[in-house]
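The sequence and structure are shown first.

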Amino acid sequence: MSTGSTPVIVAIDGPAGSGKSSVSRAVAKALGFAYLDTGASYRALSWHLMVRGIDAAQASDVVAELPNFDFRIGTDPDDYYVRVGSADVTEAIREPRVTGVVSLVARIPEVRRWLNERFRMIMAGTPFDGIVAEGRDITTVVAPDAPVRILLTATEDARMARRSKELTSESAAAVGEALRSRDKADSRVVDFMNAADGVTTVDSTDLDFEQTVSAVVEVVQTARTSHGG
Ligand SMILES: Nc1ncnc2c1ncn2[C@@H]1O[C@H](COP(=O)(O)OP(=O)(O)O)[C@@H](O)[C@H]1O
Ligand SMILES: Nc1ccn([C@@H]2O[C@H](COP(=O)(O)OP(=O)(O)O)[C@@H](O)[C@H]2O)c(=O)n1
C-alpha cells in the first residue's frame with residue numbers, strides 16, 4: 001500500500017488479444033500495484049446503453065446518457081469487479097453482443113473525454129504505490145507523462161489463437177473475424193499498433209504468459225531505476 005507519495009503510473013496499450021488485461025493484472029500483483037482495465041469501462045457503458053435501449057450509433061443519445069452511467073471498477077488485482085449501478089457486470093461485459101458495439105461507443109470524442117477524466121482520477125487517487133493502467137490510448141492520451149509506457153504487441157495470428165482458446169460460444173473463425181474488425185474500427189480512433197516516442201515495445205508473440213509478465217516487470221524496473229524511482 002501507499003507510502004503517501006505520488007503513485008507510479010505504468011501505462012500499457014496494445015491491440016485486442018495481445019495480453020494487456022491478463023499480463024497487466026499479473027504485473028500489478030508482482031509489483032504490489034493497482035490495476036486499471038480501461039476497456040472494461042467502455043464495455044460497461046456499452047452494456048448500460050443496451051439495457052436502456054439506447055442505440056450506440058446515435059452519438060448524441062449516448063452523450064446525453066453519460067450523467068446516468070454510474071459505474072465502479074475494482075482496481076485491486078486480487079479483487080477485480082465491474083459494476084453498473086447495483087448490477088455486477090464483470091462477466092456480462094465480455095459477451096459478444098457487448099464486444100460487437102463497444103467500438104461504436106469508443107469512437108465518440110465526448111465519451112472518451114468523460115471516461116479519461118475518471119481514469120485520471122482513479123489513477124491519482126489509488127491507495128497503492130502505483131497503478132498499471134491498460135487500454136488503447138493510455139501511453140498517448142490518458143497518461144502520456146507516465147514514467148513507464150509500454151506497447152504490448154503480438155502478431156494477429158498469435159492474438160487470434162489465444163482468443164480462440166478461451167471458452168466461448170463462438171467458432172474460432174468468428175472470434176478471429178470479430179477481433180480483426182474491432183481492431184480496424186478502433187485504430188481509426190487511436191493508434192495502438194505503433195509505439196509513440198518514448199514507448200517501449202514488448203512483443204509477446206514468442207513469449208509464454210510468464211515470460212511476458214517478466215519482460216514487462218523488467219521494463220518497469222529499468223525505468224524506475226533510471227528515473228531514480
Ligand atoms: N504471452 C502469452 N502467451 C500465451 N497466452 C497469452 C499470453 N498473454 C496473454 N495470453 C492469453 O491470451 C488471452 C488474451 O489475453 P488478454 O489479457 O485478454 O488480452 P487483451 O486484454 O489484450 O485483449 C488470454 O486468454 C490470456 O491468458
Ligand atoms: N483505452 C481504451 C480502452 C478500450 N477502448 C475500447 O474498448 C474496447 C474494449 O477494450 P478491451 O481492452 O476490453 O478489449 P480487449 O482487447 O481486451 O478485447 C476496445 O475494442 C475499444 O473500442 C478504447 O477505445 N480505449
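The lining of the largest cavity is made up of five nonpolar, three polar and three charged residues; Ala, Val, Leu, Ile, Met, Phe, Trp, Tyr, Cys and Pro count as nonpolar, Asp, Glu, Lys and Arg as charged, and the others, Gly among them, as polar. These lining residues are D13, R136, T139, T140, L151, D191, F192, N194, A195, A196 and V199. The volume of this cavity is about 30 Å³, and the structure holds one cavity of 30 Å³ or more.

A cavity is a set of points, on a 1 Å grid over the protein atoms alone, where a 1.4 Å probe fits but cannot get out, and lining residues have an atom within 4 Å of a point. Points are joined across faces, edges and corners, and the volume is the space filled by probe spheres set on them.

## Basis of the model

The model is predicted: local features need pLDDT of at least 70, side-chain atom pairs count only at pLDDT 80 or more, and totals for chains, interfaces and linings use all residues. Residues are numbered from 1 along each chain as its sequence is written, chains are lettered from A and ligands numbered from 1 in the order written, and side-chain values use heavy atoms, without hydrogens and water.

## Ligand 1

Among the 17 residues around ligand 1 (a heavy atom within 4 Å), G17, S21, S22, R163 and E166 come nearest. The shell comprises five nonpolar, seven polar and five charged residues. α1 (20-31) contributes the most, with four residues.

An oxygen atom of ligand 1 lies 2.6 Å from a side-chain N or O atom of S22, and a nitrogen atom of ligand 1 is 2.8 Å from a polar side-chain atom of T212.

Terms used
A polar contact is a pair of N or O atoms within 3.5 Å; within protein, one must be able to donate a hydrogen and the other to accept it, and residues adjacent in sequence count only if both atoms are side-chain atoms. Helices (H or I, at least four residues) and strands (E, at least two) are DSSP runs, numbered from the N terminus. On a 1 Å grid over the protein atoms alone, a cavity is a set of points where a 1.4 Å probe fits but cannot get out, and a pocket is an open set with protein on both sides within 12 Å along at least five of seven lines; lining residues have an atom within 4 Å of a point.
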